[in-house]
Amino acid sequence: MQRFLVRRLLTTLVSLVLASVVVFGAVLAVPGDPAAVILGMNAAPEALSALRQQLGLDVPAPLRYLQWLGGVLRGDLGESIQYQRPVARLIGDRLGVSVPLTLAAALLATLVAVPVGILTALKRGTAWDPLIVLASQLGAAIPSFWLGLLLILVFAVGLGWLPSGGFPGWDVSVGRSLRALALPVLALGLGQAAVMTRMTRAAMLDVLSQDFVRTARAKGLAHRSVVGKHALRNALVTLVTVLGLTLVNVFVGAIVIEQVFSLPGIGRLALTAIGNRDYPLVQGVVLLYASAIVLMSFLVDLSYGWLDPRIRYA
């Protein structure tokens with residue numbers, strides 16, 4: 001297990017370094033002078049020179065990358081051009097919205113998809129099977145932003161049960177903040193639940209067709225024991241993969257949902273930074289997303305080794 005952990009940890013570290021190179025190189029790929037792109041071609045030479053110095057454009061690119069990477073390791077992601085505040089502080093202020101939104105949507109998708117997917121696999125061939133499959137296909141085909149707009153029309157505009165957007169803040173009112181996240185969580189979670197249901201169903205059907213399941217049934221084991229102790233345990237590796245993909249999809253999908261519901265999260269911050277060409281802030285946010293995806297893959301790999309000893313000692 002120790003060798004498996006060391007290999008996965010080294011792979012994760014290399015992936016994080018490569019992600020930082022790609023994120024830093026994104027600014028270098030901007031055509032022309034980034035300072036002129038930000039301030040405009042008619043900006044004063046003094047302003048252009050000051051901005052180039054602020055962005056570190058007067059330093060060779062390799063040295064600039066090492067300086068930026070050193071700052072990242074210290075928790076210093078630079079300073080935002082638009083807000084004139086540290087990028088790390090801006091991102092930290094938005095985590096209180098994006099993290100609860102992501103985790104709640106992923107939890108909703110899991111609580112809906114796993115039981116329904118298992119039930120659909122067990123009821124294969126019955127009248128429920130095509131209905132649930134059709135519902136999951138429709139749910140997967142509906143974009144989350146369109147579902148969010150539909151939820152606003154029904155529950156906010158029509159019924160007036162929930163707010164249509166905005167976020168008061170946890171320090172202002174926990175209850176109002178939870179109400180503000182209800183519709184975004186539904187819009188994100190239900191779409192992912194549809195995808196997750198289909199993948200859970202496929203994983204369970206594959207395991208239920210294996211010889212060891214037929215052998216367990218031939219021994220006369222109870223149906224609950226066959227499903228719970230044999231089929232479900234062997235399908236957990238696939239289900240962990242599905243859960244990891246769901247977390248990544250929800251985290252990335254929150255970018256659009258936060259814009260639809262006017263939530264002050266990281267996704268909306270990223271779109272604002274891109275629109276204002278705030279390159280230090282864009283770098284910081286993109287690095288956060290890339291690091292979260294790499295770390296999620298690392299946790300999924302660890303789960304593989306814990307669930308299946310064959311993977312651990314491969």
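The model is predicted: local features need pLDDT of at least 70, side-chain atom pairs count only at pLDDT 80 or more, and totals for chains, interfaces and linings use all residues. Residues are numbered from 1 along each chain as its sequence is written, and side-chain values use heavy atoms, with hydrogens and water left out.

**The chain as a whole**

- The protein chain contains 13 helices and 0 strands, where helices (H or I, at least four residues) and strands (E, at least two) are DSSP runs numbered from the N terminus.
- Of the 314 residues in the protein chain, 39% are buried, meaning under 20% relative accessible area with a 1.4 Å probe, protein chains only.
- Of the contacts between residues at least 6 apart in sequence, 71% join residues at least 24 apart; a contact means heavy atoms within 4.5 Å.

**Helices α7 and α8**

- The axes of α7 (residues 144-158) and α8 (residues 174-208) come within 9 Å and cross at roughly 135°; axes are lines fitted to C-alpha atoms over the stretch in contact, and angles run from 0 to 180 degrees between N-to-C directions.
- Helix α7 is therefore oblique to α8, the class left for angles that are not under 35 degrees (roughly parallel), over 145 (roughly antiparallel) or 65 to 115 (roughly perpendicular).
- From α7, S144, L147, G148, L151, I152, F155 and A156 meet L183, L186, A187, L190 and G191 of α8.
- The residues of this contact comprise 9 nonpolar, 3 polar and no charged; Ala, Val, Leu, Ile, Met, Phe, Trp, Tyr, Cys and Pro count as nonpolar, Asp, Glu, Lys and Arg as charged, and the others, Gly among them, as polar.

Note on methods:
Buried < 20%, exposed > 50% of the residue type's maximum accessible area, 1.4 Å probe, protein only.
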